Amino acid sequence: MGHALMHSECCNCGRIFAYNPHRVPSIRVNGVREPVCKLCIDYSNPIRVSKGLAPFKVHPDAYSPVEESEL
């Protein structure tokens, strides 16, 4: 049994990052869900809270490999 990671650009900062495609936080851009890297989530959550918005919730496995059987 193997593991896999998805790689793509963060929709906010443009950095390439690895993530579990079933768990990564994402936002809608032109109606399409796009992944957000951990650095951007960690940066934006305090700002969201200061504005009275709920922080983005991040699954503990969001940036970890996914079992190939889940793909």
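This is a predicted model: local features need pLDDT of at least 70, side-chain atom pairs count only at pLDDT 80 or more; totals for chains, interfaces and linings use all residues.

Reader: What makes F17 and Y19 an aromatic pair, and why is the pair called tilted?

Author: A pair of rings is described by the distance of the centres and the angle of the planes. For F17 and Y19 the centres are 4.9 Å apart and the planes make 35°. Centres have to lie within 6.5 Å, and planes under 30 degrees apart would be stacked while those over 60 would be edge-to-face.

Reader: How many aromatic pairs does a search of the whole structure find?

Author: Two. The pair F17 and Y63 is tilted as well, with 6.0 Å from centre to centre and 55° between the planes. F17 lies in strand β3 (residues 16–19) and Y63 in the loop between α1 (38–50) and β6 (66–67), so this pair ties together parts that are 46 residues apart in sequence. F17, Y19 and Y63 make up one aromatic cluster.

Reader: Why is Y63 called partly exposed?

Author: Y63 has 22% relative accessibility. Buried needs under 20% and exposed needs over 50%, so Y63 falls in between and counts as partly exposed.

Reader: What makes R48 a charge over the face of F56?

Author: R48 is 4.2 Å from the ring centre of F56. The distance limit is 6 Å, and the charge must also be within 35 degrees of the ring normal. R48 is listed as lying over the face of F56. As for F56 itself, look in the loop between α1 and β6. With a relative accessible area of 27%, F56 is partly exposed. F56 touches I27, I41, S44, N45 and R48, leaving aside residues up to four places away in sequence.

Reader: Which residues does I41 touch, not counting those up to four places away in sequence?

Author: P25, V36, F56, V58 and Y63. I41 is also one of the eight residues of the largest nonpolar core.

Reader: How do you know that β2 and β3 pair?

Author: Pairing takes at least two bridges. Strand β2 (residues 6–9) and β3 have four, and they run in the antiparallel sense. S8 is in β2, and it stands opposite F17 in β3. In this hairpin, six residues sit between the strands, and G14 takes a positive phi near 85°.

Reader: What makes the link between the side chains of S8 and Y19 a polar contact?

Author: The distance is 2.9 Å, and the limit is 3.5 Å. The side chains of S8 and Y19 are therefore joined by a polar contact.

Reader: Why is M6 called partly exposed?

Author: M6, in strand β2, has a relative accessible area of 40%. Since buried means under 20% and exposed over 50%, M6 is partly exposed. Leaving out residues up to four places away in sequence, M6 touches F17, A18, Y19 and P21.

Terms used. Residues are numbered from 1 along each chain as its sequence is written. Side-chain values use heavy atoms; hydrogens and water are left out. Helices (H or I, at least four residues) and strands (E, at least two) are DSSP runs, numbered from the N terminus. Buried means under 20% relative accessible area, exposed over 50%, partly exposed in between (1.4 Å probe, protein chains only). Contact means heavy atoms within 4.5 Å. A nonpolar core is a set of buried Ala, Val, Leu, Ile, Met, Phe, Trp, Tyr and Cys residues joined through side-chain atoms within 4.5 Å. A polar contact is a pair of N or O atoms within 3.5 Å; within protein, one must be able to donate a hydrogen and the other to accept it, and residues adjacent in sequence count only if both atoms are side-chain atoms.
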